[in-house]
Amino acid sequence: MGWRDWVRTAEIEPSLYAADFARLGEEVEHLLNAGARVFHFDVGDGHFVEPITMGPVVLKSIAPMIHRAGGVIDCHLMVDNPDHHLQQIRDAGGDSVTFHVEASAEPWNTIRRARDLDLGVGVAFNPETEVEVAVEASLGADLALCMSIHPGYSGQEFLPDTLWRIRRLRQELPSSLFVQVDGGITAENAADVRKVGADLIVAGSAIFGMEDLPRAYKRLVKALE
Ligand code: DX5
Ligand code: ZN
């Protein structure tokens, strides 16, 4: 099993970083019932990004319920030295890891290490990183993640330059790789990122910031149709 089996044409990925952590299991369950199957899990180390976000302990508590429902957990590693964390993420129930090209000296090596652990793998790049750098680093991965905000916090505004960056990324990547976008996604811009080539669309506050989570998730899914 891998990304080709996990993606139903395109996916809205709820970003758990924006969840209410006192009710995490309950919120995941509501989203599973609404049809969400790919969950985005942000690991931030306080070095590569300012905040410490969440890690293997939280992952371990929610992985069983997601897996039982046939879902997967896509871990976004906003950390220095990503290689160091791969085994722990795997052991805690992560299904895929996306590391930052800015944080890996040898991306091809990080990709190989992730594959050796039977993890899906992606390469993320920040708004100030050239698209070409990301393309070269991600050959051999399952996906490339175009950041549409500066990583670190949920609830930031979508950077408009992202649209041509995604288009460029889609043109230059082999069709075997998925294109993912993360940050500032709303029900209004989801269709735009889809149109320029994004397959995997991460949404934090556009889901968890709403009163009715299933409704917010379904509205985003509908926006992609
Ligand atoms: C932030 C994270 C994102 C974040 C997205 O650095 O990588 O996944 O949760 O949140 P929104 O959708 O609110 O921008
Ligand atoms: Zn993320």
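Mentor: Helix 2 (residues 24–34) packs against helix 10 (residues 213–224) at an angle of about 45°, their axes being 9 Å apart. That makes helix 2 oblique to helix 10. This is a predicted model, in which local features need pLDDT of at least 70 and side-chain atom pairs count only at pLDDT 80 or more. Residues are numbered from 1 along each chain as its sequence is written.

Trainee: Which residues of helix 2 and helix 10 meet?

Mentor: From helix 2, E27, H30, L31 and A34 meet L213, P214, Y217 and K218 of helix 10 (contact means heavy atoms within 4.5 Å). These residues divide into five nonpolar, one polar and two charged.

Trainee: Changing topic, which protein donors does the zinc ion (ligand 2) have?

Mentor: They are H40 (NE2), D42 (OD), H76 (ND1) and D182 (OD), lying 2.1 to 2.3 Å from the zinc ion. Donors are N, O and S atoms within 2.8 Å of the metal (3.2 Å for Na, K and Ca). Along the chain their spacing is H-x1-D-x33-H-x105-D.

Trainee: Why is the arrangement around the zinc ion octahedral?

Mentor: Its six donor atoms subtend angles of 73 to 169°, which makes the arrangement octahedral. For six donors, that term requires opposite donors over 155 degrees apart and all others between 65 and 115.

Trainee: And at what angle do helix 6 and helix 7 cross?

Mentor: Helix 6 (residues 131–138) and helix 7 (residues 162–172) cross at roughly 35°, and their axes come within 10 Å. V131, E132 and V135 of helix 6 make the contact with R165, R168, L169 and E172 of helix 7.

How values were computed
Chains lettered and ligands numbered in written order. Heavy atoms only, no water. Axes fitted to C-alpha atoms, helices over the stretch in contact; angles between N-to-C directions. Helix = DSSP H or I, 4+ residues; strand = E, 2+ residues; numbered from the N terminus. Parallel < 35°, antiparallel > 145°, perpendicular 65-115°, else oblique. Nonpolar A, V, L, I, M, F, W, Y, C, P; charged D, E, K, R; others polar. Tetrahedral: all angles 85-135°; square planar, octahedral: opposite > 155°, others 65-115°.
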